[in-house]
Amino acid sequence: MGVSIRRVCAPPGETPKTLIWFSKDLYYEWPTNDYEHEEIKKIFLQDKPYDGILNDFNQHFGPLFKKDK
């Protein structure tokens with residue numbers, strides 16, 4: 001299953017939203033600011049493992065990568 005994350009612009013006076021779309025029947029949309037939107041993208045798009053966050057990247061592929069100490 002793929003994940004698509006989009007920024008939904010809002011007219012003046014309204015709050016922009018983040019749309020996370022898993023499939024045509026499963027999606028979430030809620031108000032976020034620009035910072036929150038970028039943080040959501042970092043976690044859901046799993047560009048790297050994050051300490052304290054269990055995602056597919058570090059659960060399935062974590063043993064293949066070693067952290068620099």
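**Entry 1: the whole chain.** I noted at the start that this is a predicted model. I counted the secondary structure of the protein chain and got two helices and three strands. Reading from the N terminus, I wrote the order down as β-β-β-α-α. I then asked how much of the chain is buried: of the 69 residues, 14% are. For the accessible surface I have about 5800 Å², and carbon and sulfur atoms hold 57% of that. I also checked contacts between residues with a separation of 6 or more, and 16% of these join residues 24 or more positions apart.

Entry 2: A reminder to myself: strands in a sheet pair through backbone hydrogen bonds, parallel or antiparallel.

**Entry 3: strand by strand.** I took β1 with β2 (residues 17-23) and found five bridges in the antiparallel sense. Across this pair, I5 has I20 in β2 as its bridge partner, and R7 sits opposite T18, also in β2. Next I went to β2 and β3, which are antiparallel too, over six bridges. Here S23 stands opposite L26 in β3.

Entry 4: In one of them D34 pairs with R7, and the closest N and O atoms are 3.0 Å apart. I liked this one, as the pair links distant parts of the chain: D34 belongs to helix α1 and R7 to strand β1, 27 residues apart. Are the two partners buried or exposed? D34 has a relative accessible area of 54%, so I list D34 as exposed. R7 is at 25%, so R7 goes down as partly exposed.

**Entry 5: a salt bridge within the helix.** The side chains of E38 and K41 also meet in a salt bridge, at 3.5 Å from N to O. Why can these two pair up along helix α1? E38 and K41 are three residues apart there, which means about one helical turn separates them.

**Entry 6: a nonpolar patch.** Last, I looked at the surface and found V3, I43 and F44 forming a nonpolar patch, with about 210 Å² of accessible area together. Where does V3 lie? I place V3 in the segment before β1 (4-8). V3 has a relative accessible area of 33% and is partly exposed. Patch members need over 30% relative accessible area, so V3 at 33% qualifies on that count.

Key: Residues are numbered from 1 along each chain as its sequence is written. This is a predicted model: local features need pLDDT of at least 70, side-chain atom pairs count only at pLDDT 80 or more; totals for chains, interfaces and linings use all residues. Side-chain values use heavy atoms; hydrogens and water are left out. Patches are made of residues with over 30% relative accessible area and no salt bridge: like charges are joined within 9 Å, nonpolar side chains (Val, Leu, Ile, Met, Phe, Trp, Tyr) within 5 Å. Accessible areas come from the Shrake-Rupley method with a 1.4 Å probe; for residues, only the protein chains shown count as cover. A salt bridge is a side-chain nitrogen of Lys or Arg within 4 Å of a carboxyl oxygen of Asp or Glu. Helices (H or I, at least four residues) and strands (E, at least two) are DSSP runs, numbered from the N terminus. Buried means under 20% relative accessible area, exposed over 50%, partly exposed in between (1.4 Å probe, protein chains only). Two strands pair if DSSP finds at least two bridges between them. Contact means heavy atoms within 4.5 Å.
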